[in-house]
Amino acid sequence: MFKKILIAEDHEVRNLGVVNALTELQIHHFDFVSYCDEALNKIKTADVENKPYDLLITDLSFDKDHFQQNLKSGQELISEVRNIHPQIKIIAFSIENKPKIIDDLFKIYSIDGFVSKGRNDGKELRNTIKKVFKGETVIPQEILNSIRNTPLTISEKDELLLNLLAKGFTQSEIEKHFKQSNITPNSKSAIEKRLNELREIFNAKNNIELIVICKDLGII
């Protein structure tokens with residue numbers, strides 16, 4: 001089992017559930033930090049002292065306060081940790097439920113497991129820690145089902161188009177933005193055609209419903 005664990009979590013009440021999970025697994029060497037910068041510094045220091053952490057459990061969202069931080073999210077922390085300590089196992093422990101965001105955690109940030117905060121999350125965390133220790137990649141089934149049902153035909157250009165639409169840009173304004181950014185095709189008819197295709201992909205009746213669906217999925 002893991003010998004040394006670091007937990008990045010800024011809500012003390014949630015730490016109690018993590019402590020209970022680790023205690024039941026008979027893991028006694030663990031540290032808590034409330035900031036991503038602090039977590040990264042601890043991992044760097046532990047590596048220099050040749051006493052590295054072998055598991056990082058991190059939230060994704062951290063509340064802002066009066067302390068200035070360079071790393072502002074769990075994703076930024078994970079990215080930095082992967083660069084300096086690629087062997088460490090990482091579990092994201094979050095209330096996040098948007099399939100695209102969770103899918104990116106595995107595809108882009110190469111995490112080893114994801115646990116949704118909520119009812120019975122202590123049990124899920126224990127099971128995930130045990131599986132990750134054995135070398136498994138752990139994605140909750142409900143999240144896996146949502147990811148599988150998320151269309152995979154969305155490009156970066158589509159994301160930009162949807163984000164501009166969500167900000168209230170008209171199709172004429174989107175056309176102008178695309179032309180200024182040298183994005184092609186950029187004609188108004190091409191933009192309307194792609195929006196029609198996206199509405200069909202997401203089974204949306206209109207652009208407003210399209211934006212709502214994409215926000216729920218975490219695409220924008």
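**Pockets and helix H5**

Q: Which elements each supply at least two residues of the lining of the second largest pocket?
A: Strand S5 (113-116), H5 and helix H6 (141-148) do. Helices (H or I, at least four residues) and strands (E, at least two) are DSSP runs, numbered from the N terminus. A pocket is an open set of 1 Å grid points where a 1.4 Å probe fits, with protein on both sides within 12 Å along at least five of seven lines; lining residues have an atom within 4 Å of a point.

Q: Is this from experiment or predicted?
A: The model is predicted; local features need pLDDT of at least 70 and side-chain atom pairs 80 or more, while totals for chains, interfaces and linings use all residues. Residues count from 1 along each chain, and side-chain values use heavy atoms, without hydrogens or water.

Q: Which element gives the largest share of that lining?
A: H5, with four residues. The lining includes Glu124, Asn127, Thr128 and Lys131, along with others such as Phe114 and Gln141.

Q: Ok, H5 then. Which of its residues are buried?
A: Asp121, Gly122, Leu125, Thr128, Ile129 and Val132 are buried (under 20% relative accessible area, 1.4 Å probe). They cover an arc of only 125° around the axis (taken from the directions to the C-beta atoms), so they sit on the same side of H5.

Q: What follows H5?
A: Gly135 follows H5, and its phi is positive, near 100°.

Q: New topic: which residues lie nearest the centre of the largest pocket?
A: Asp63, Lys64, Phe67, Gln69 and Lys72, out of 14 lining residues.

Technical notes
Buried means under 20% relative accessible area, exposed over 50%, partly exposed in between (1.4 Å probe, protein chains only).
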